[in-house]
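Try each task before reading its solution.

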Amino acid sequence: MNYSLHPSVGVARLGNSDGQFYLAPNEIGGMPFEADEWGNKIDRPVNQFKDAKGQIRRQGQPFQIFDDNHNEITLSTDNVKSITWTVHIANKKAAWYEFNELQGNLLYGQDNSYAARNTPLRNANVEGTDRRELIIDPGPRTISGAHAKAVFDQASAPDNYPVSFPPKPSQGTEVKSLGDIITDNQGRLVVIGGYGHAGGDQPLESYGGADTWHDDIADGTVYCQLVFNDGREVNLSAWVIVGSPDFAPEIVNISNLSDTMFDVAIREQNLCPEMYRNGEFQPDYPANYYRDIEPIIQRISRYQWVSNVQSMSAFVSNIFDFKDNSEENKANREAYFNYFRKPVDPATVQTTPPLDQTNQQLFEYGTEGHLPLMPLNSGSNSVSNAENNIVDKFLTLTQTQYFLLSQWAKGQFSSTSPVSSDDVQDSFGLYYVDQGSVGNCVGLPMCPGIEVTWSLQNPAVYQAPYQIKDQSAGKGFPNGLDPTRDECEGGGCQPGDLTKRMACPWQADFFNCTVQNVNFTDPTVNKVNAGTDDDPHMVPLAPTYYSYWWPPQSPWDVLTSQYDDQALSHLPAGEQVNYARGINSFVQMVEHWSALGFIRNHNADEPNFPYFTETERNHQLFAYKDVPVSDITGNPADDGTDIPVFYIPDNLKTHLSSGCNKAKAMLKGLEEKMSLPITAKPAGRKTPRSGRRIRR
């Protein structure tokens with residue numbers, strides 16, 4: 001009998017609530033589950049993502065053992081003597097290179113390596129072996145049995161392990177822990193994320209963060225030792241990622257992380273030779289409408305609740321029967337398909353002019369076109385210019401998604417449901433829970449991403465489909481972690497490797513990973529200098545098109561709720577507003593990310609008629625003012641128009657202490673966190689990623 005551990009890559013998430021957590025969803029676009037204090041699943045979806053103080057509950061990721069017959073193995077299973085778990089998570093961000101879009105991505109060749117691009121290190125003043133001290137590495141934790149617990153802090157570090165934690169910062173909040181692990185009644189493991197703490201000494205300067213800063217994002221290994229009464233011993237492994245909160249859990253990225261992993265598995269790991277072999281997709285392979293096509297259409301339809309892309313609505317309007325594979329319907333399918341950009345293979349990408357790949361093209365007929373191509377998102381580099389990086393202006397599907405959509409267009413597809421409701425694995429032999437875990441993370445674009453970045457597109461980091469290659473082969477890292485090795489060169493991953501390329505702190509990039517003004521006329525240029533040689537100010541080259549990054553993960557345009565504190569929100573129900581309104585700087589996002597709302601479907605029982613609105617926003621934190629335009633222009637003739645402005649008052653303590661009971665509870669929670677004041681470099685040092693400072 002063989003055994004396996006699932007999910008193969010789990011996803012826990014940060015939250016600043018003390019003690020309160022819920023369990024990760026087990027399907028793509030599914031809701032998380034309630035749990036008791038030991039992580040025992042309560043079979044009902046989460047109703048409240050925040051506690052009474054307005055702080056976000058953390059997400060715990062359960063791990064389960066299955067045998068070949070899909071039976072779960074727990075402490076109650078016959079002949080099971082013990083189940084022991086060892087988890088090692090770390091944060092390597094401060095010891096890695098600065099993030100510069102696609103620089104360092106070896107899928108584009110060795111000429112794009114960090115060394116070849118002269119990409120600077122973060123905290124470059126720390127040299128040699130001292131750079132290991134930049135890693136947040138609490139070492140491994142081991143627990144067994146039921147109702148066991150361990151904390152990833154410095155106080156409980158294992159003996160003789162070279163633990164490293166950052167010094168107490170002068171700004172922000174000290175990172176003292178990367179989270180917890182517990183076991184439930186049956187000995188299942190639950191990994192719970194950290195508290196969203198971030199701190200440093202230098203002023204924040206851009207969406208990449210700043211030197212000296214640390215946060216408690218993490219990733220690492222999960223080992224399981226299963227011992228039977230007859231003496232048999234089985235050792236299993238998986239990986240876990242600790243990401244930021246998923247503020248719209250029921251809305252899925254058009255290309256999510258499961259799509260990325262599936263694309264690697266198809267093209268690089270021989271998952272389905274009937275679909276792809278000898279370096280080519282097979283023209284006779286039949287797509288399946290329900291498995292391969294309908295999810296893309298449904299995801300496009302739900303973007304409207306977190307973004308405002310009118311042209312995309314045509315692609316979900318059911319102007320014809322998407323399931324009809326008849327010859328008579330072929331012209332409709334082909335017309336639909338032809339509006340999708342063709343993906344670019346990094347191995348053959350053009351990095352010098354002319355850059356004529358479709359990922360540089362906005363409209364269907366180049367600059368003479370009328371309708372924007374799909375998907376209408378930014379690509380993985382619409383920020384830096386060609387001389388510094390690889391330009392990738394607009395999003396494409398993964399190569400596998402695009403191939404399956406092309407088969408559908410040709411009529412080479414089935415409309416029969418490929419699975420029954422009680423199946424554990426799909427037709428490719430992949431576990432649904434493995435896809436469901438990572439499927440709620442960003443897959444494309446990656447600039448850098450939200451939970452992880454473009455390194456997950458590289459087959460070198462995998463040992464099998466959906467399984468991360470462990471450098472230690474399950475033996476752990478007793479001598480500590482390496483701050484310099486690049487897992488994309490091969491040899492497997494260490495704890496912290498999957499998240500080290502992300503912004504530090506994560507909140508800085510989250511503030512800016514919203515919209516992007518993308519030039520659509522010059523494939524070699526993203527930005528031009530609107531300042532001087534001595535004082536450059538890089539802005540997007542006009543004409544530009546208003547594009548989004550990852551609306552499901554970082555919403556931008558949302559509907560206000562008819563339920564939540566409408567008198568405090570100053571807005572009627574149903575008005576479309578900016579999601580982050582009132583959080584007006586990098587600093588404020590670091591300090592008040594937990595004030596953001598969760599986007600929820602209030603008509604979930606009727607899947608054909610969703611209605612998503614913003615819920616649980618901490619309205620009490622913000623002040624509001626209608627500002628007459630005449631106050632800005634100085635022209636009394638303009639006093640007939642007001643601009644709504646949301647902001648966080650300077651004297652926040654007075655503002656909250658004079659409010660309702662909920663406001664006072666929020667104030668108590670903020671005071672308990674003991675965050676030190678944070679500063680930012682003066683405006684103009686480094687412009688935001690989008691080249692704009694307007695947040696309506």
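Predicted model: local features only at pLDDT ≥ 70, side-chain atom pairs only at ≥ 80, totals over all residues.

Is Val 645 buried, partly exposed or exposed? Residues are numbered from 1 along each chain as its sequence is written, and side-chain values use heavy atoms, with hydrogens and water left out.

**Exercise 1: a surface patch**

Task: classify Val 645, then find the patch that contains Val 645.

Solution. Start with the classes: buried is under 20% relative accessible area, exposed is over 50%, and partly exposed is in between (1.4 Å probe, protein chains only). Val 645 has a relative accessible area of 31%, so Val 645 is partly exposed.

Next, locate Val 645: this residue lies in strand S36. Helices (H or I, at least four residues) and strands (E, at least two) are DSSP runs, numbered from the N terminus.

Now gather the patch. Its members have over 30% relative accessible area and no salt bridge; like charges are joined within 9 Å, and nonpolar side chains (Val, Leu, Ile, Met, Phe, Trp, Tyr) within 5 Å. Strand S36 (residues 642-647) supplies the largest share of the patch, three residues.

**Exercise 2: aromatic pairs**

Task: say how many aromatic pairs there are, and work out which helices Tyr 336 and Trp 408 come from.

Solution. The rule comes first: rings of Phe, Tyr and Trp (its six-membered ring) pair if their centres lie within 6.5 Å; planes under 30 degrees apart count as stacked, over 60 as edge-to-face and the rest as tilted. The count comes to 36 aromatic pairs.

One of them joins Trp 96 and Tyr 97, edge-to-face at 5.1 Å centre to centre with 90 degrees between the planes. Trp 96 has a relative accessible area of 1%, so Trp 96 is buried.

Tyr 336 and Trp 408 also pair edge-to-face, at 5.5 Å centre to centre and 75 degrees between the planes. This pair links distant parts of the chain, with Tyr 336 in helix H3 (residues 330-337) and Trp 408 in helix H4 (residues 399-410), 72 residues apart. Tyr 336 is buried, with 5% relative accessible area, and Trp 408 is buried at 0%.

Finally, look for a cluster: ring pairs link Tyr 22, Phe 49, Phe 247, Trp 506, Phe 510, Tyr 579, Trp 593 and Phe 598.

**Exercise 3: salt bridges**

Task: say how many salt bridges there are, and decide where Arg 13 and Glu 451 lie.

Solution. Side chains of opposite charge can pair when their charged atoms come close. Here a salt bridge is a side-chain nitrogen of Lys or Arg within 4 Å of a carboxyl oxygen of Asp or Glu. By this rule the count is 23 salt bridges.

Take Arg 13 and Glu 451, whose closest N and O atoms are 3.2 Å apart. Arg 13 sits in strand S2 (residues 9-13) and Glu 451 in the loop between helix H5 (432-438) and strand S25 (462-464), so the pair links distant parts of the chain, 438 residues apart. Both Arg 13 and Glu 451 are buried.Now compare another bridge, between Glu 614 and Arg 581 (2.8 Å, N to O). Glu 614 belongs to strand S34 (residues 612-615) and Arg 581 to the loop between strand S32 (576-578) and helix H8 (586-592), 33 residues apart. Glu 614 is buried at 2% relative accessible area, and Arg 581 is buried at 5%.

**Exercise 4: backbone details**

Task: which peptide bond involving Pro 7 is cis, and what is phi of Asn 270?

Solution. The cis bond joins His 6 and Pro 7, with omega about 0 degrees. Pro 7 lies in the loop between strand S1 (3-6) and S2.

For Asn 270, phi is near 60 degrees, a positive value in a residue other than glycine. Asn 270 is in the loop between helix H1 (257-268) and strand S18 (276-277), and Asn 270 counts as exposed because its relative accessibility is 52%.

Technical notes. Areas by Shrake-Rupley, 256 points an atom, 1.4 Å probe, with all protein chains shown as cover.
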